[in-house]
Amino acid sequence: MIPYQFNLIFRASRDGNTAAPFHNKCDNKGATIIIIKIKGTNQIVGGYNPLDWEGNAIYKNTQDSFIFIFNDYRNINTGKIGRVTDASHALICNPYWGPVFGLNCCDMAMYPDNKNNEWSSNPKSYPNLNIPGSFEIDDYEAFQVVKK
């Protein structure tokens with residue numbers, strides 16, 4: 001039995017693909033996992049935030065965060081996980097950005113005002129998993145992680 005429940009609390013295509021609806025749905029919800037489908041590929045990327053997304057341009061410190069990639073979402077064996085290496089810069093919480101993992105924008109982040117569904121990846125606080133440096137997305141979701 002899985003000891004966690006995953007509640008879908010945000011979907012960009014349904015709720016709005018900018019920072020405001022993300023924070024409206026995800027701030028103060030506790031631990032979340034972000035799942036992103038990269039446009040034109042079979043790649044899924046994302047990350048786990050064990051804390052929350054509330055904050056005004058602050059870093060959050062945790063050893064328990066990670067990012068991941070599946071090069072082919074149909075094959076679990078293509079998955080890689082990267083645990084945070086700089087815990088003091090594991091996450092950035094900023095109401096003008098969506099989810100941000102890592103230091104100085106960032107190991108993985110949604111561009112502000114995400115009008116073109118663009119994200120970026122530049123490893124600093126997490127290992128290099130070969131997530132594309134800049135990519136467009138089909139959609140992304142946030143799931144609240146609740147211990148049963």
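1. Start with tyrosine 4. Tyrosine 4 lies in strand S1, which spans residues 4–11. This is a predicted model. Tyrosine 4 counts as partly exposed, because its relative accessibility is 35%. Tyr4 also belongs to a nonpolar surface patch with Ile2 and Phe6. Together these residues have about 310 Å² of accessible area.

2. Next, serine 65. Serine 65 sits in the loop between strand S4 (58–60) and strand S5 (66–70). Is serine 65 buried or exposed? Serine 65 has a relative accessible area of 0%, so it is buried. The side chain of serine 65 has two polar partners to check. One is the backbone oxygen of tyrosine 48, reached at 2.6 Å. Another is the side chain of tyrosine 126, joined to that of serine 65 by a polar contact of 2.8 Å.

3. The surroundings of serine 65 deserve a look too. Leaving aside residues up to four places away in sequence, serine 65 touches Tyr48, Asn49, Pro50, Arg83, Val84, Ala90, Leu91, Phe101 and Tyr126.

4. Now the cysteines. How many disulfides does a search of the whole structure find? The search finds 0. A disulfide is a covalent bond between the sulfur atoms of two cysteines. For cysteine 26, the closest cysteine sulfur is that of cysteine 93, and at 11 Å it is too far for a bond. The cut-off for a disulfide is a sulfur pair within 2.5 Å. Cysteine 26 has 0% relative accessibility and therefore counts as buried. Cysteine 93 is likewise buried, at 0% relative accessibility.

5. Helix H2 covers residues 19–26 and includes asparagine 24. Asparagine 24 counts as exposed because its relative accessibility is 62%.

6. Charged pairs come next. Side chains of opposite charge can pair when their charged atoms come close. The structure holds 7 salt bridges. One of them joins the side chains of lysine 25 and aspartate 15, at 4.0 Å from N to O. This pair links distant parts of the chain: lysine 25 is in helix H2, and aspartate 15 is in helix H1 (residues 12–15), 10 residues apart. The N to O value of 4.0 Å can be read against the salt-bridge cut-off, which is within 4 Å. Lysine 25 has a relative accessible area of 33%, so it is partly exposed. Lys25 and Asp15 are also linked with Arg14 in a network of salt bridges.

7. Which residue forms a salt bridge with aspartate 138? The partner is lysine 37, with the closest N and O atoms 3.4 Å apart. Here too the pair links distant parts of the chain: aspartate 138 is in strand S11 (residues 134–147) and lysine 37 is in strand S2 (residues 32–38), 101 residues apart. Aspartate 138 is partly exposed because its relative accessible area is 43%.

8. A last pair to inspect is aspartate 52 with lysine 60. Their side chains meet in a salt bridge at 2.4 Å, N to O. Why does lysine 60 count as buried? The relative accessible area of lysine 60 is 13%, and buried means under 20%.

Methods
Residues are numbered from 1 along each chain as its sequence is written. This is a predicted model: local features need pLDDT of at least 70, side-chain atom pairs count only at pLDDT 80 or more; totals for chains, interfaces and linings use all residues. Side-chain values use heavy atoms; hydrogens and water are left out. Helices (H or I, at least four residues) and strands (E, at least two) are DSSP runs, numbered from the N terminus. Buried means under 20% relative accessible area, exposed over 50%, partly exposed in between (1.4 Å probe, protein chains only). A polar contact is a pair of N or O atoms within 3.5 Å; within protein, one must be able to donate a hydrogen and the other to accept it, and residues adjacent in sequence count only if both atoms are side-chain atoms. Contact means heavy atoms within 4.5 Å. Patches are made of residues with over 30% relative accessible area and no salt bridge: like charges are joined within 9 Å, nonpolar side chains (Val, Leu, Ile, Met, Phe, Trp, Tyr) within 5 Å. Accessible areas come from the Shrake-Rupley method with a 1.4 Å probe; for residues, only the protein chains shown count as cover.
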